[in-house]
Amino acid sequence: MPDLNLPALETGRLLLRTLNPASFKALTSKHDDETLGAALNCLTPEMYAGIKERFLTYGLDNPRLSMHNWLLYRKDTGKLIGDFSYHIIFRRHLRAEIGYSLYDTEDRGQGFMQELLPVTLKFGFEELGLERIEALTAVDNWASMRLLHKFGFRREGYARRHYRFEGKNTDSFSFSLVPEEFIPEPALPPVEKLVRGFERHTIPEEGWTHEAHLKVALWYLFHQGEEEALCRMRTGIIAYNLYLGHQNTPEAGYHETLTVFWITVLKHFLEAHPHLNYDEALSEFLQSPQSASAYPKTFFSESLLQSVRARSRWVAPDLQPL
């Protein structure tokens with residue numbers, strides 16, 4: 001498989017590989033579609049065909065209009081998950097329109113775009129020399145609108161029949177951002193910063209304490225429910241351990257029984273205090289005996305907790321029921 005040697009930017013979890021019309025055209029002159037699709041980590045021929053259509057067939061690169069594109073890859077798996085582009089750059093007027101997409105639903109809702117925008121918007125202002133960045137969203141795409149607002153975008157107008165989607169033209173809201181209003185890192189409450197750091201693997205090892213575990217787990221439970229909280233804590237801890245250079249083995253690293261235990265304890269606490277908001281629930285729980293790191297030993301013997309069986313899967317308590 002050829003090494004495409006594409007220029008790249010990085011965030012905590014993502015690698016952004018540049019793929020502009022000129023470089024894409026040069027690559028297609030050297031490699032066939034099957035080879036190039038595999039080298040770009042396209043999961044299907046259809047994925048490659050879509051990228052080729054947007055960035056080559058409809059690519060812009062002339063004295064008046066151009067574009068700048070990145071393909072987005074997860075660092076932990078190498079998976080191609082989406083793209084971000086300045087897909088219309090008006091060179092004379094120093095303005096551009098952005099577009100972004102995540103291909104699979106499993107990669108959405110994980111904060112990738114919020115992680116990405118500080119890097120790509122900074123690139124637009126500092127490297128491309130833009131004085132205005134524009135974005136258009138579907139009128140019901142609330143998630144995208146919230147994201148744009150976080151970085152300083154202002155809604156300017158309503159574009160009728162602006163975007164072709166599933167065989168018909170649909171309306172869009174238009175937004176813009178200028179350099180002096182760009183917010184590189186939106187202000188977040190401390191707990192949300194902690195959650196983001198956990199997801200991006202930016203928390204220093206000494207900061208990933210027992211209390212930090214509880215804060216993140218409770219945040220997921222409060223906002224996303226038990227099933228999602230358990231899934232995110234399980235995959236997040238495993239990935240964070242690997243990021244730090246530690247292994248998840250039968251003897252060390254991730255512990256399934258303890259993770260399920262703490263999610264269950266926190267869930268029961270929230271059920272017993274339904275009228276508390278997150279901050280109130282966190283404060284009250286951290287003051288309770290249940291928050292102690294040794295609390296699991298009320299239910300599990302030391303030998304059971306240290307067993308390979310308990311580390312690898314959920315095992316019921318052997319001292320008293322949970």
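How many strands form the open sheet, in what order do they stand, and what is the pairing?

Modeller: Happy to. This is a predicted model, in which local features need pLDDT of at least 70 and side-chain atom pairs count only at pLDDT 80 or more, while totals for chains, interfaces and linings use all residues. Residues are numbered from 1 along each chain as its sequence is written, and side-chain values use heavy atoms, with hydrogens and water left out.

The open sheet is made of 8 strands, in the order 1-2-3-4-5-6-8-7, and its pairing is mixed. Strands (E, at least two residues) and helices (H or I, at least four) are DSSP runs numbered from the N terminus, and two strands pair if DSSP finds at least two bridges between them. Strand 1 (8-10) and strand 7 (154-165) are at the edges with a single partner strand each, so one side of each has no neighbour in the sheet. From one strand to the next, the twist averages 25°. For angles, axes are lines fitted to C-alpha atoms, for helices over the stretch in contact, and values run from 0 to 180 degrees between N-to-C directions.

Helix 4 packs on this sheet, where its direction makes about 30° with that of strand 4. The strands touched by helix 4 include strand 2 (14-18), strand 3 (65-74) and strand 8 (168-177); contact means heavy atoms within 4.5 Å.

Strand 4 (residues 80-90) and strand 5 (residues 95-102) run antiparallel and are joined by 8 bridges. Along this pairing, Y86 stands opposite I98, and I88 has E97 as its bridge partner. The two strands form a hairpin with 4 residues between them, and L94 in the turn has a positive phi of about 55°. On to the next pairing: strand 5 runs parallel to strand 6 (residues 132-138), with 3 bridges between them. Here E97 turns up again, opposite E134 in strand 6. From strand 5 the chain reaches strand 6 by way of helix 4 (residues 112-126), in a right-handed β-α-β crossover. Right-handed means that, with the strands pointing away from the viewer, the path from the first strand over the helix to the second runs clockwise.

R13 pairs with E115, the closest N and O atoms being 2.6 Å apart. R13 sits in the loop between strand 1 and strand 2 and E115 in helix 4, so this pair links distant parts of the chain, 102 residues apart. R13 counts as buried at 10% relative accessibility, and E115 is buried at 3%. Buried means under 20% relative accessible area, exposed over 50%, and partly exposed in between, with a 1.4 Å probe and protein chains only.

The side chains of D61 and R91 form the other one, at 3.3 Å from N to O. D61 is in the loop between helix 3 (45-57) and strand 3, and R91 in the loop between strand 4 and strand 5, so the pair ties together parts 30 residues apart in sequence. D61 is partly exposed at 46%, as is R91 at 37%.

Terms used
Salt bridge = Lys/Arg side-chain N within 4 Å of Asp/Glu carboxyl O.
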